[in-house]
Amino acid sequence: MEELCCDSGYPLEPWCKTPILGNHQVHSPEHRFNIRHKRARCTVERCIGVLKQRWRCLLKDRTLHYKPTRASKIIITCAVLHNLAIHNNVELPEYDNEEEEEDEDEETHEQEVEELLNAGRQTRQQLLDQYFTQ
């Protein structure tokens, strides 16, 4: 199963790793997890921002109206073309408008949400146990 590094605005699910909320002791597994989680998210968000700057079709106002499988192929293609542009010294275009944060429009049932949250807690705890506990 592929996993996503999500911010705390998303529900914890087995494939959606969110930071562990609360104050944690420095050097605790939870603290180390949150530090690495934050670094990964910042890197990913910078990459997404660069892709959106070059490929305006990826912006919120120009939503890809395709099923997730096809949309993911378009995004991968944009990433490959971006890498080719870098290789060939093609500058990023400059635009004045910045995109607003994307909204999540999904409706879910309470029971499904609770099940996903529990499964997410379980898989995140496995990550803590495996990689962040000394």
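## About the model

The model is predicted, so local features need pLDDT of at least 70 and side-chain atom pairs count only at pLDDT 80 or more, while totals for chains, interfaces and linings use all residues. Residues are numbered from 1 along each chain as its sequence is written, and side-chain values use heavy atoms, with hydrogens and water left out.

## The overall layout

Let us start with the big picture. The protein has 3 helices and 2 strands, and along the sequence they follow the pattern β-β-α-α-α. Helices here are DSSP runs of H or I with at least four residues, strands are runs of E with at least two, and both are numbered from the N terminus.

Of the 134 residues in the protein, 22% are buried. Buried means under 20% relative accessible area, exposed means over 50%, and partly exposed lies in between, using a 1.4 Å probe and protein chains only. Contacts (heavy atoms within 4.5 Å) also say something about the fold: among those between residues at least 6 apart in sequence, 57% join residues at least 24 apart.

## How two helices pack

Two packed helices are described by the angle between their axes and the distance between the axes. Helix α1 covers residues 29-54 and helix α2 covers residues 68-87; they pack at an angle of about 80°, with their axes 10 Å apart. The pair is therefore roughly perpendicular. Axes are lines fitted to C-alpha atoms, for helices over the stretch in contact, and angles run from 0 to 180 degrees between N-to-C directions. Angles of 65 to 115 degrees count as roughly perpendicular, under 35 as roughly parallel, over 145 as roughly antiparallel, and the rest as oblique.

On the α1 side, the contact is made by Val50, Leu51 and Arg54, and on the α2 side by Cys78, Ala79, His82 and Ala85. Sorted by class, this contact has 5 nonpolar, 1 polar and 1 charged residues. In this sorting, Ala, Val, Leu, Ile, Met, Phe, Trp, Tyr, Cys and Pro count as nonpolar, Asp, Glu, Lys and Arg as charged, and the others, Gly among them, as polar.

One joins the side chains of Asp7 and Arg41, at 3.5 Å from N to O. This pair links distant parts of the chain, 34 residues apart: Asp7 sits in the loop between β1 (4-5) and β2 (16-17), and Arg41 sits in helix α1. Asp7 is partly exposed at 25% relative accessible area, whereas Arg41 is buried at 18%.

Another salt bridge joins Arg41 and Glu45, at 2.1 Å from N to O. Both of these residues lie in helix α1, 4 residues apart, about one turn of the helix. Glu45 is partly exposed, with 43% relative accessibility. Through shared partners, the salt bridges join Asp7, Arg41 and Glu45 into one network.

In soluble globular proteins, nonpolar side chains tend to be buried together. Here the largest nonpolar core has 5 residues: Ile20, Phe33, Leu127, Leu128 and Phe132. Helix α3 (residues 110-132) gives the most to this core, with 3 residues. A nonpolar core is a set of buried Ala, Val, Leu, Ile, Met, Phe, Trp, Tyr and Cys residues joined through side-chain atoms within 4.5 Å.

Leaving out residues up to four places away in sequence, Leu127 touches Glu3, Lys17, Phe33 and Phe132. Arg124 also lies in helix α3, and Arg124 is buried, with a relative accessible area of 13%. Beyond its neighbours within four places in sequence, Arg124 is in contact with Leu12, Lys17, Thr18, Pro19, Ile20 and Phe33. Arg124 and Pro19 are 105 residues apart in sequence, with 9.4 Å between their C-alpha atoms.

## Residues in the loops

Two loop residues are worth a look. His27, in the loop between β2 and α1, has a positive phi near 75° without being a glycine; His27 is exposed at 61% relative accessible area. Asn89, in the loop between α2 and α3, has a positive phi of about 60° and is not a glycine either. Asn89 counts as exposed, at 66% relative accessibility.

Definitions and conventions. Salt bridge = Lys/Arg side-chain N within 4 Å of Asp/Glu carboxyl O.
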